[in-house]
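Try each task before reading its solution.

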Amino acid sequence: MRKYLFSAGFALLVAATSASITMMTPPAFASQIKYVVNNVPITTGDIQHRAAFLRLQRKKGDAAEEMIEQTLRVAEAKRLGIRISDAQVDAAYQRFATTNKMQLKQLDGVMAQSGVGKEHFKEFIRSQMAWNQALTARHRSDSGGAMSEQDVVRRMLDNGGTKPTAMEYMLQQVIFVVPAAERSATLAKRKREADAMRARFNGCNTSREFAKGLIDVTVRDLGRILAPQLPPDWADQIKATKVGGATATRETDRGVEFIGICSSREVSDDKAAQMVFQSEGSSGKDADEISKKYVEELRKKARIVER
C-alpha cells in the first residue's frame, strides 16, 4: 500500500519557490476552533495553513475538508496502534530537502513564507506515513491476509503464465543506540560515529569486528528479504546501494542506523511470485479506492461539529 508523500511536481515547485519568496513577509493567521472532530479541535489557523499548502502545490481543494479527513485518518491510525515518531518525521523532512537540493533552513523558509509552516508540513508527513500503514493493515484484512495459492496461479495465468521475479536481499542492520533520555545531548556525536563506521563498511563479514570497540552498537542479521518486503523508509536506499556497501545513516527512534547490503540476487520462486503479485495488487488505483472507502466509513461514524 506504499504511496509517495509528495508528487514530483510539488517537489520541483517547492525548490523553485525557495528562490522567489525571500522578500515576502510570512502571513499571520488567527486561530479559533472551527470544527471539533471526535473531540479533536480543528482551528481556523489549521485550515489557513492547509489552504496555503494547497496554493503551494497549485492544487484545487477544500482546505477545511482536507483537515477533517486528516484528523479522521490520524485518529484511526492511533486506534490501530500506529505511531510515527518525531525522528521518522524529521528524517522524511530532511530527505525531502536533500532530494530537492535544499538546506533545511531553505525549506523552513519556504514553508514559513508561503504560509504553510514547517510544523504543519511535518504533521502532514506524519499523517501520510501513519495512513499508509493503516491502509496496509486494511488491505490485508480485506484480502484475508496473504494471497492464496489459487490467487497466485490465477494472477500468473493473467500474466501469460510467466512467474515474476524479485530481488532477494541479505541485509544487516547496524544501530548506534541512543537512549531517549540522552538524545538531545548525544545524538550528534552518535551520528558522527555511525557515519565513520558506515564509511569503513566493506561487507557484512567485518562489521561485528568494527563494532567491538564501540559502545552501545547493535549489529543484526536481518536474513532473507524480498524487494516487496523492504521497509518503505529504507527501500529506495537499499535498492540503490551496491552489494558490500551500506545505506546512508538515518536517525530513528532507536538512535542512528544504517543497513549493510550483504548480498542480492534475482529469484523467481513461489514466495517471490506471491510477494510481487500481492504488491502489485495493492498499489495505484486499488490503494486510492481503499483509502476513499475507508475515509467514507470513518466519516459516517464520526461526530463532526462546526462551531
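The exercises below concern a predicted model, and each is followed by a worked solution.

**Exercise 1. Find how α2 and α3 are oriented where they pack, and describe the residues in their contact.**

Solution. Start with the two helices: α2 covers residues 44-57 and α3 covers residues 63-79. Their axes lie 8 Å apart and the angle between them is about 110°. Angles of 65 to 115 degrees count as roughly perpendicular, so α2 is roughly perpendicular to α3. Next, list the contact: α2 contributes Asp46, Ile47, Arg50, Ala51 and Leu54, while α3 contributes Ala63, Ala64, Glu66, Met67 and Gln70. Finally, sort these residues by type, which gives 6 nonpolar, 1 polar and 3 charged.

**Exercise 2. Compare the span of α4 with the expected value, then look at its buried residues and at what follows the helix.**

Solution. Helix α4 runs over residues 86-99, which is 14 residues. From first C-alpha to last, α4 reaches 20 Å, close to the 20 Å expected at 1.5 Å a residue. Now turn to burial: Ala87, Gln88, Val89, Ala91, Ala92, Tyr93, Phe96 and Ala97 of α4 are buried. After the helix comes Lys101, with a positive phi near 55°.

**Exercise 3. Which residues of α5 are buried, and which residue with a positive phi follows the helix?**

Solution. Helix α5 spans residues 104-113, and its buried residues are Leu107, Val110, Met111 and Gln113. Following α5 is Gly115, with phi near 90°.

**Exercise 4. Trace the pairing partners of β6 in β3 and β5.**

Solution. Take β3 (residues 166-177) to begin with: this strand pairs with β6 (residues 255-267) in the antiparallel sense over 12 bridges. Then take β5 (residues 250-252), which is antiparallel to β6 and joined to β6 by 3 bridges. Here Thr252 stands opposite Gly255.

**Exercise 5. Where are Asn38 and Asp216 found, and are they buried, partly exposed or exposed?**

Solution. Asn38 has a positive phi near 50° without being a glycine, and is found in the loop between β1 (33-37) and β2 (40-43). With a relative accessible area of 36%, Asn38 is partly exposed. Asp216, also not a glycine, has a positive phi of about 55°. Its place is the loop between α9 (207-211) and β4 (217-226). At 48% relative accessibility, Asp216 is partly exposed.

Terms used: Residues numbered from 1 in each chain as written. Predicted model: local features only at pLDDT ≥ 70, side-chain atom pairs only at ≥ 80, totals over all residues. Heavy atoms only, no water. Axes fitted to C-alpha atoms, helices over the stretch in contact; angles between N-to-C directions. Helix = DSSP H or I, 4+ residues; strand = E, 2+ residues; numbered from the N terminus. Parallel < 35°, antiparallel > 145°, perpendicular 65-115°, else oblique. Contact = heavy atoms within 4.5 Å. Nonpolar A, V, L, I, M, F, W, Y, C, P; charged D, E, K, R; others polar. Expected span 1.5 Å × (residues − 1). Buried < 20%, exposed > 50% of the residue type's maximum accessible area, 1.4 Å probe, protein only. Pairing = 2+ DSSP bridges.
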